[in-house]
Amino acid sequence: MTRSTVYLDNGATTQTDPRVAEAMARYLVEFYGNPSSSHALGAASKSAVDTARRVIADSVGANPNKVYFTSGGTEADTLGIRGAVPDRPGNVVMTNIEHPAVLNQRDYLESRGHEVRIVDVGADGVVAASDVLAATDRDTHVVAVMAANNEIGTLQPVAEIGRALRDGGGRARLFVDGVQAYTKFPFDLESMGIDLLAISAHKIHGPPGVGALIQGSRGRVLPQLAGGGQEAGVRPGTENVPGIVGFGVAVSVALDNEVRDGKTMAGLRDRLIAEALRLDPAAQVNGHRTERLCNNASIAFSNMRGSTLLGLLEEEGVYASAGSACHAGNTKQSAVLSAIGVPESTGTIRFTLSRYTTEEEVERACVSLGLALARARTFLGGA
Ligand code: PLP
C-alpha cells in the first residue's frame, strides 16, 4: 500500500504484523517438519504449535487440549455448529444477523432433521437475551450468538445468555462466533458460559487461512472431516504450522496492549463518527451507539448509494467497505442492514480501524469524506 492511502477496512482483513511474518518465515524455510514426524524437525514444529495453542487457550481461560486449529473462521463456525449437533433431532437457535458461515448452516441442519429457529435483533442491532432464551427448550442442541457483528459492530449479550443457559441446567450449548471481537473484547469461557468459540487470525494482524475452534468444559465436538488423528482427531489434516505460529504471535502482541489499543481505536472511531454526522446531519450510525466494537464506524449516509461514495473515497485514497467483504460488488442492501431497518435510500460505509490506524490517517479520512460527499451530491446527484 502506498503511503498516501488510508486503510479503514480492517473488518475485512488486517495487515500482517511484521513480527508475525518473521516468526512464520522461520517455520516455512527452517523448521519445516511435520508435527506428526518423530524426528527433531517434527518435534520443533509440534512444540511451536503447542506454544501457540497454549497462548490462545490462556487468552480465553480454556484448556489447551480443547483448542482445535482450522483453516479460518468459516471452518471454525462450521465445525463448532455441525460438530456440536448430535443425530437426535432437535433445534438450533441463532440470531438473524449471524455471519453467513453460521446462518448458511441452516440447509444442512434442516436436511439432518433439525429445526432452525431464527431470533431477530432489535433496531439497534442487539439481540435481547430474553428473546434468545425464549426460543430455546429442552430439545435445543446449540444456541449461536455472535460476540460482535461484522458489518455494524454491535456487541451481543453473550455472557448473559451463556450464564442463563447454564443456570437453567439445560443441555443447550452456546456457540459464539468471536471472529470480529477476539482481542478487542475480553473472553473467559467458563464465567461467560461459552461452550464453543470460533476465532480467526487474519482479523487480528495474523495470517489469512488459519483459525481455531475453542471448546469449553462441556460436551464433545464431532469431527467433520475424515483423516488422521491431528488436533485430537477433531480436525484431521496436517497442521498449517507457519500459520498457527503466526496466529500465536498475533494473539500475544494483541493482548500485550489490548486495553490501550482498544481505547485509542474507540477514540478515533468516535472522531470519525462525529465528523460524518457533522458533514451529513441526516446520516445515522448503524447499530447501537455504544454497545459496539471499538474499531467499527458503520454509517448510513442520506440519499446516497454506498457504492458511489465508496468509489469516491477510494479516489481520495481511503479504503473502506460498503457492507461486509462478503457483500462486495453486491449493490443490494445487505441482510444485516435490512434486519435493523436501515432505509434503502441510504448508503452505508463501514469504516473499520486497527491498532495501526493513526490520528493523522483519521483526520485525512475525515477530509476525504467531506470531499467525497460534496462530489457525490454536486456532480453525481447522490445516487
Ligand atoms: N465470522 C465473522 C463474524 C466474520 O467477520 C468472518 C470474516 O469476515 C468470518 C466469520 C469468517 O472468517 P474467515 O474469513 O477466517 O473464514
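Helix 3, which spans residues 73-82, is mostly covered, since 7 of its 10 residues are buried. The model is a predicted one. The buried residues of helix 3 are Gly73, Glu75, Ala76, Asp77, Leu79, Gly80 and Ile81. In general, an α-helix has 3.6 residues a turn, so residues three or four places apart point the same way.

Helix 3 also contributes 3 residues to the shell around the ligand, which is the largest share. In total, 13 residues surround the ligand, and the closest of them are Gly73, Thr74, Asp177, Ser200 and Lys203.

In aspartate 177, an N or O atom of the side chain lies 2.6 Å from a nitrogen atom of the ligand. In serine 200, an N or O atom of the side chain lies 2.6 Å from an oxygen atom of the ligand. For histidine 202, the distance from a side-chain N or O atom to an oxygen atom of the ligand is 2.9 Å. The ligand has 390 Å² of accessible area on its own, and the protein covers 86% of that area.

An open sheet is formed by 7 strands in the order 2-8-7-6-5-3-4, with mixed pairing. Its edge strands are strand 2 (67-70) and strand 4 (115-119), each of which pairs on one side only. From one strand to the next, the twist averages 20°. Helix 2 (residues 40-59) packs on this sheet, where it touches strand 2, strand 7 and strand 8. The direction of helix 2 makes about 115° with that of strand 2.

In general, the strands of a sheet pair through backbone hydrogen bonds, either parallel or antiparallel. Strand 7 (residues 196-200) and strand 8 (residues 211-215) run antiparallel and are joined by 5 bridges. Within this pair, isoleucine 199 has alanine 212 of strand 8 as its bridge partner, and leucine 197 stands opposite isoleucine 214 of strand 8. Strand 2 and strand 8 also run antiparallel, joined by 4 bridges. Alanine 212 in strand 8 is the bridge partner of phenylalanine 69.

## The cover of strand 8

Strand 8 is mostly covered, with 5 of its 5 residues buried. Both of its faces are covered. Gly211, Leu213 and Gln215 are buried on one side, and Ala212 and Ile214 are buried on the other.

## Two buried glutamines in loops

Glutamine 156 is found in the loop between strand 5 (140-144) and helix 7 (158-167). This residue counts as buried because its relative accessibility is 4%, and buried means under 20%. Leaving aside neighbours within four places in sequence, glutamine 156 is in contact with Ile97, Gly125, Val126, Val127, Val145, Met146 and Ala147.

Glutamine 180 is found in the loop between strand 6 (173-177) and helix 8 (189-192). With a relative accessibility of 8%, glutamine 180 also counts as buried. Its side chain reaches the backbone oxygen of glycine 11 at 3.0 Å. Not counting residues up to four places away in sequence, glutamine 180 touches Gly11, Ala148, Asn149, Asn150, Lys203 and Leu293. Lys203 is also one of the residues closest to the ligand.

Another open sheet consists of 3 strands in the order 9-10-12, and its pairing is antiparallel. The edge strands here are strand 9 (284-285) and strand 12 (347-352), each pairing on one side only. Strand 9 pairs with strand 10 (residues 296-301) in the antiparallel sense over 2 bridges. Glutamine 284 has alanine 300 of strand 10 as its bridge partner.

Two helices lie across strands of this sheet. Helix 10 (residues 258-279) lies across strand 9, strand 10 and strand 12, and runs at about 10° to strand 10. Helix 11 (residues 306-315) lies across strand 10 and strand 12, and runs at about 45° to strand 12.

Alanine 376 is found in helix 13, which covers residues 359-378. With a relative accessible area of 0%, alanine 376 is buried. The C-alpha atom of alanine 376 is separated by 9.1 Å from that of arginine 305, although the two residues are 71 residues apart along the chain.

Notes
Residues are numbered from 1 along each chain as its sequence is written. This is a predicted model: local features need pLDDT of at least 70, side-chain atom pairs count only at pLDDT 80 or more; totals for chains, interfaces and linings use all residues. Side-chain values use heavy atoms; hydrogens and water are left out. Buried means under 20% relative accessible area, exposed over 50%, partly exposed in between (1.4 Å probe, protein chains only). Two strands pair if DSSP finds at least two bridges between them. Axes are lines fitted to C-alpha atoms, for helices over the stretch in contact, and angles run from 0 to 180 degrees between N-to-C directions. Contact means heavy atoms within 4.5 Å. A residue is near a molecule or strand if one of its heavy atoms lies within 4 Å of it. A polar contact is a pair of N or O atoms within 3.5 Å; within protein, one must be able to donate a hydrogen and the other to accept it, and residues adjacent in sequence count only if both atoms are side-chain atoms. Accessible areas come from the Shrake-Rupley method with a 1.4 Å probe; for residues, only the protein chains shown count as cover.
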